[in-house]
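Please look over the sequence and the structure shown below before reading on. The report that follows takes up contacts between domains and then aromatic rings.

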Amino acid sequence: MPDIKRIFIANRGEIAVRIIRTARALGLETVLGVSAADTESLGAKLATRAVVLGPAPSKDSYLRVGTVIEAARGTGCDAVHPGYGFLSENRDLAQACADEGLIFIGPSPDNLSAVGDKLTARSHAVAARVPVVPGGTVETLDDATVLADKVGFPLLIKAVAGGGGKGMKRVDDATSLPAQLDMAMAEAEAAFGDSRVYLERFVTVGRHVEVQILSDGDTILHAGERDCSVQRRYQKVVEEAPAPHLPPELRRGLLDAAVRYARHIGYRSLGTVEFLVDVERSEFYFLEMNARVQVEHPVTEAITGLDLIALQIAIAEGKPLTLTQDDIRPSGHAVECRLNAEDMAQDFRPSPGRVTQAWFPALPGLRVDTHMLPGAMIPPYYDSMVAKLITWGATRDEAIARMLTALDVCVLDGITTNVPLHRAILSDAAFRKGGVDTTYLGKLLAGTGENA
């Protein structure tokens with residue numbers, strides 16, 4: 001496979017800027033595909049060239065496979081990097097790249113098929129001897145009733161093709177099952193064009209822990225785990241690495257299971273295997289595999305010193321990993337806070353608008369991934385995340401202290417953000433102790449009078 005010289009970035013926002021940064025360091029040119037709303041974005045200014053994909057709505061620009069391929073070919077690109085979200089796990093884009101002689105900086109179409117459907121991914125976990133949450137697929141209320149009797153309440157209904165909390169409903173008893181099943185299937189159909197759902201046991205006290213995987217197709221390595229248990233409505237808010245207070249035997253089991261899963265499906269690229277840790281049973285279950293770079297990848301980079309995007313590009317070029325597992329030696333602790341343009345007082349309603357001031361001073365141990373600059377416009381069409389603050393410390397306490405300082409001194413004026421929420425989380429005794437579960441943030445918000 002030839003070396004990559006020019007990358008078409010099929011994404012926007014902070015991840016586009018992040019990819020451009022590594023591409024520049026590697027001496028590569030970049031072409032950024034933008035919507036009409038993003039022509040003046042920081043990514044458009046930093047890329048070697050920017051081309052307009054279409055109007056502001058995602059369906060008319062960032063989600064059009066044919067347009068992305070045409071733009072990449074028309075600008076002489078060798079490869080396409082999809083970032084995260086949008087088309088990042090879209091098999092059609094990966095296949096179209098292969099058909100058109102473009103390198104897809106991500107896994108193969110077959111890999112995407114293996115993990116893109118939650119039921120297929122679950123079946124691979126079973127075959128790879130990776131534990132799964134008790135449950136199964138349902139098509140009718142009768143199916144759901146029979147399975148619920150076997151698994152027991154509470155239950156979680158999930159969309160087969162879903163993610164991001166869409167089509168996901170908790171069911172606490174048999175009387176609420178019919179209504180919740182109808183709502184979950186309707187949401188799944190609206191969000192993904194696929195109404196299929198499955199039921200699984202709801203783990204009452206669970207932690208969301210994920211493992212970073214690197215694979216060149218032969219060598220499969222892990223880069224440790226991340227804890228993403230601080231979530232609101234199934235959306236991650238704060239992430240950290242390594243996962244605090246995880247029993248050593250459980251940690252080893254997670255890491256080994258992730259590598260075993262990747263090996264079973266013949267995975268090649270950067271990827272993340274996500275697990276639910278049942279705190280009460282001290283067990284873990286496979287959730288899904290994300291076949292792309294994760295939003296929270298910087299905390300892994302902070303404790304390992306790796307550039308995961310650079311490794312992802314090298315693997316896409318067909319280069320073998322030059323690392324061994326012993327070469328990856330995590331050091332210290334890292335925390336990431338996702339800063340969103342949203343108003344906590346209005347049930348976290350998105351707060352688009354113009355940024356009048358953006359200032360992120362250099363501080364020890366602080367990294368800022370953002371596409372914000374003074375005068376930047378936050379359109380109402382996309383995800384509300386405007387920046388990620390990442391702090392590293394020799395200890396977890398030091399990383400948290402540095403994050404609190406960063407939250408105090410970094411400036412994003414002109415918009416309302418969730419910075420007060422992050423201050424509350426990082427100052428809270430339960431979080432400071434470490435090892436909170438996925439219900440933590442809902443309880444914290446309820447305690448402060450906010451909507452959980």
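## Domain contacts and aromatic rings

Lys-388 forms a salt bridge with Glu-14, in which the closest N and O atoms are 3.0 Å apart; a salt bridge here is a side-chain nitrogen of Lys or Arg within 4 Å of a carboxyl oxygen of Asp or Glu. This is a predicted model, in which local features need pLDDT of at least 70 and side-chain atom pairs count only at pLDDT 80 or more, while totals for chains, interfaces and linings use all residues. Residues are numbered from 1 along each chain as its sequence is written, and side-chain values use heavy atoms, with hydrogens and water left out.

The protein is divided into domain 1 (6-105), domain 2 (134-201) and domain 3 (207-445), with bounds that come from an automatic or database domain assignment.

| Domain 1 and domain 3 | Value |
|---|---|
| Separation of centres, over C-alpha atoms | 23 Å |
| Buried area | about 2200 Å², 64% from carbon and sulfur atoms |
| Salt bridges | five salt bridges |

A search of the whole structure finds five aromatic pairs, and Phe-275 and Phe-284 form an edge-to-face pair, 5.4 Å centre to centre with 85 degrees between the planes. Rings of Phe, Tyr and Trp (its six-membered ring) pair if their centres lie within 6.5 Å, with planes under 30 degrees apart counted as stacked, over 60 as edge-to-face and the rest as tilted. Tyr-62, Phe-86, Tyr-381 and Tyr-382 form one aromatic cluster.

Conventions: Buried area = accessible area lost by both parts, 1.4 Å probe.
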